[in-house]
Amino acid sequence: MIYLIGDVQGCCDAFERLLAAIRFSPSRDRLVVLGDLVNRGPGSLATLQRLRGLGDAATCLLGNHDLHLLAVACGGRKAHRSDTLAEVLASPERGAWLEWLRQRRMAVMESGWLCVHAGVVPQWNRDDTLARAAEVEAMLRSDALDEFLHQMYADEPLRWSPALEGNERLRFIINVLTRIRFVDASGALDLKTKEGAGGAPSGFYPWFEAPGRRTAGVPIAFGHWSTLGLVNRPELLALDTGCVWGGSLTAVRVDGGRREVFQVACEQAQAPG
């Protein structure tokens with residue numbers, strides 16, 4: 001059986017209870033965890049240990065918090081006061097954890113679902129999305145990563161162009177795959193608004209409602225957008241249900257044409273910050 005799981009964010013206790021709720025067996029079942037594996041919850045290191053221990057039974061995508069960990073580790077980003085990454089960074093296995101993260105994916109296809117952390121810009125189709133994700137994955141595994149992580153954080157460029165090159169191209173792809181929520185009709189990103197779908201700025205749409213979206217008709221599963229909550233549509237699954245903010249952790253079974261939703265409450269809530 002194949003399950004897609006929303007943002008864990010270091011809530012390892014909730015993750016363990018969710019695995020129990022679905023009666024997960026690594027010899028029989030597989031997981032796709034949709035990014036933001038760590039940070040803000042109390043058990044970032046324990047979460048990495050558990051996920052790595054699942055081996056090939058778990059495919060883990062990278063989200064913005066996971067990239068933040070890599071950036072903090074190399075000095076490309078200052079730690080935030082709400083971060084819960086100190087245990088990972090102080091671990092004797094620090095280098096091994098960072099290397100493990102570098103080998104994770106940015107997008108995958110699973111059981112007919114395009115799985116990403118945040119979303120897809122309307123100009124990309126399924127194959128475009130996977131190809132752009134592969135570009136970032138290649139950078140993550142390259143000797144140029146530390147230099148790039150010092151240049152990764154910016155909100156520009158806001159629009160996709162095939163002519164984008166270098167750091168600007170990689171930055172745009174990362175902003176789409178790990179940060180996107182709203183876009184306008186031209187596909188320009190709004191990377192500041194964090195409200196739910198009803199809070200779209202004037203002239204903007206949730207990325208999955210953008211006119212002319214080239215992934216229309218492709219089943220897409222994503223996390224990242226906790227204020228959106230659970231969205232369970234025939235071709236859309238939004239699975240960040242705000243566990244770290246006192247909500248729940250969600251898994252959806254998607255194999256064999258089945259759709260089963262499982263949720264466990266998160267017992268430790270963080271104050272937003």
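What radius of gyration does the protein have, and what value would a compact globule with 273 residues have? Please then look closely at the open sheet formed by five strands: in what order do they stand, and which strands are at its edges?

A: The model is a predicted one. Its radius of gyration is 17 Å, which agrees with the value near 19 Å that a compact globule with 273 residues would have. Along the principal axes, the C-alpha atoms fill a box of roughly 45 × 45 × 35 Å. Of the 273 residues, 55% count as buried, and the protein exposes about 11200 Å², of which carbon and sulfur atoms supply 47%. Among contacts with a separation of 6 or more, 67% are between residues 24 or more positions apart.

The protein has eight helices and 13 strands. Five of the strands form the open sheet in question, in the order E4-E5-E9-E11-E10, with mixed pairing. Strand E4 (107-110) and strand E10 (231-233) stand at the edges; each has a single partner strand, so one side of each is left without a neighbour in the sheet. Neighbouring strands are turned against each other by 15° on average, with direction ignored.

Within the sheet, strand E5 (residues 113-116) and strand E9 (residues 220-222) run parallel and are joined by two bridges. In this pairing, Cys115 stands opposite Ala221 in E9. Helix H6 (residues 126-140) packs on the sheet, where it touches E4 and E5, and its direction makes about 135° with that of E4.

In soluble globular proteins, nonpolar side chains tend to be buried together. Here the largest nonpolar core has 79 residues, and those with the most contacts inside it are Phe15, Leu31, Trp124, Trp207, Phe222 and Leu249. Helix H8 (residues 166-179) gives the most to this core, with six residues. Another core lies apart from it and has 13 residues, including Val108 and Ala221. Ala221, which stands opposite Cys115, therefore belongs to that other core, whereas Phe222 is among the residues with the most contacts inside the largest one.

Trp207 gives a view of the surroundings of Phe222: leaving aside neighbours within four places in sequence, Trp207 is in contact with Phe222, and its other partners include Ile220, Trp225 and Leu236.

How values were computed
Residues numbered from 1 in each chain as written. Predicted model: local features only at pLDDT ≥ 70, side-chain atom pairs only at ≥ 80, totals over all residues. Heavy atoms only, no water. Core = buried A, V, L, I, M, F, W, Y, C linked by side-chain atoms within 4.5 Å. Buried < 20%, exposed > 50% of the residue type's maximum accessible area, 1.4 Å probe, protein only. Helix = DSSP H or I, 4+ residues; strand = E, 2+ residues; numbered from the N terminus. Contact = heavy atoms within 4.5 Å. Pairing = 2+ DSSP bridges. Axes fitted to C-alpha atoms, helices over the stretch in contact; angles between N-to-C directions. Rg over C-alpha atoms; globule rule 2.2 N^0.38 Å. Areas by Shrake-Rupley, 256 points an atom, 1.4 Å probe, with all protein chains shown as cover.
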